[in-house]
Amino acid sequence: MIIGVPKELKPQENRVALTPAGADALIRAGHRVLLETNAGYESGFDDKSYMEQGVEIKEDPADVWKEADMILKVKAPLKSEYAYFKEGLVIFTYFHLANEPELTKALMDSKAIAIAYETVELPNRSLPLLTPMSEVGGRMAVQQGAIYLDKIHGGKGKLMDGVPGVPPAHVVIVGAGVVGTAALRRAVGLGARVTVLDINIDRLTYLNEVFLGKIETLYSNNYNLAQIVKTADLLIGAVLIPGSKTPKLITEDMVKEMEPGSVIVDVAIDQGGCVATIDKPTTHENPTFVKHGVIHYAVGNIPGAVPQTSTLALTNVTLPYALKLANLGWKRALQEDSALKKGANVVQGKITYPAVSKAFNLDYTNIDSLL
Ligand SMILES: NC(=O)c1ccc[n+]([C@@H]2O[C@H](COP(=O)([O-])OP(=O)(O)OC[C@H]3O[C@@H](n4cnc5c(N)ncnc54)[C@H](O)[C@@H]3O)[C@@H](O)[C@H]2O)c1
């Protein structure tokens, strides 16, 4: 199989979908790998380090897309890439289609095979290709939030852990999954007061036991959110309903009640976000805006800021699936791997992921009928 790796186009997206080690594994398995020049540069891998493994470097991204049987990417293709879609092309990347009507249509029209990292799901319902980026996103949410709480960055001017005789900042985390837990670990580590909310009582029980006395847990409902959000110096949105658009749990009225100079980091923005005052993602170039006196940070590709860590963390988990797709072909790979099968979102013009068909009110086709 010919595997193509284009350079990411999203502003300041510095990750790459394949490392030289991954390329080596694919080439050893008998495949050809084409890489757009400098695709790995910002992640710490120059073209030479790929060429040493036998990768062919292409100047023009069109050559990568045209020759490839499978494209490995990090972020969803941008509009300028839709023209490269073709029948039978496997595209393995983050798609987050429930929030992307135009991309969904372009994939359907092209009859390509879109397998989404974020919906690959193990039998225990965990999402193995989302986990490492959520680990990064949660840690970064607190790191960025602490920066914007500084007066010199527009915030209210509060130190995360306070000092003796002065209380710490209050970090409120909505969603206690991978992002929420990574965020709370860092916030606790920095000495903040931390409250975490979720609807999953088992999860809150677990965190309560592990962080006994160091965090407060609260059941997530509209009433409790309204009470707690107004006390937050830093509010972190970390909710996920797999494959679906995130509900806007934090209403505009709740944001209005927050103190001026408070900070919201909505990590869940890549699925639509859980904060009503944010309608679209921001970028690393322009990460924040102020509304009702509150700083809003809603970067859709937070891990892109730390590409050397993120690329390794991502490719550690995507490579085994990429190898399977390359070695077996997409049909057999999906037949043999139930987790990968859940990744099928749009296949040969049909929507094969229930939440995506529901988001756009389009017909759903069971992937089994296409294998
Ligand atoms: N912006 C970025 O760069 C970036 C990076 C990593 C992850 N993410 C996104 O962050 C989000 C969270 O990811 P995750 O890996 O932590 O997911 P997860 O599934 O591990 O956790 C989500 C949590 O949300 C909880 N939840 C659902 N409904 C809720 C409600 N009404 N109130 C409170 N909690 C509720 C779930 O019970 C679960 O514990 C996802 O949308 C993911 O795509 C974004």
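**Notes on the model**

1. The C-alpha centres of domain 1 and domain 2 lie 30 Å apart. The assignment for the protein chain, in which bounds come from an automatic or database domain assignment, places 2-120 + 307-370 in domain 1 and 131-305 in domain 2.

2. The model is a predicted one, in which local features need pLDDT of at least 70 and side-chain atom pairs count only at pLDDT 80 or more, while totals for chains, interfaces and linings use all residues. Residues are numbered from 1 along each chain as its sequence is written.

3. Between the domains, 22 residues of domain 1 are in contact with 16 residues of domain 2, contact being taken as C-beta atoms, placed from the backbone, within 7 Å. On the side of domain 1 that touches domain 2, helix H11 (307-336) and helix H13 (354-360) each supply at least two residues, and H11 gives the most, with 7 residues. Helices (H or I, at least four residues) and strands (E, at least two) are DSSP runs numbered from the N terminus.

4. The ligand is surrounded by 32 residues, of which Ser134, Gly137, Gly177, Val179 and Ser220 are the closest; a residue is near if its C-beta atom, placed from the backbone, lies within 6 Å of the molecule. Helix H6 (131-149), helix H7 (178-189) and strand E8 (193-198) each supply at least two residues of this shell.

5. Tyr219 lies in strand E9 (residues 215-219) and, leaving aside residues up to four places away in sequence, touches Leu197, Ile199 and Asn224. The C-alpha atoms of Tyr219 and Asp202, 17 residues apart along the chain, are separated by 11 Å.

Key. Two residues are in contact if their C-beta atoms, placed from the backbone, lie within 7 Å.
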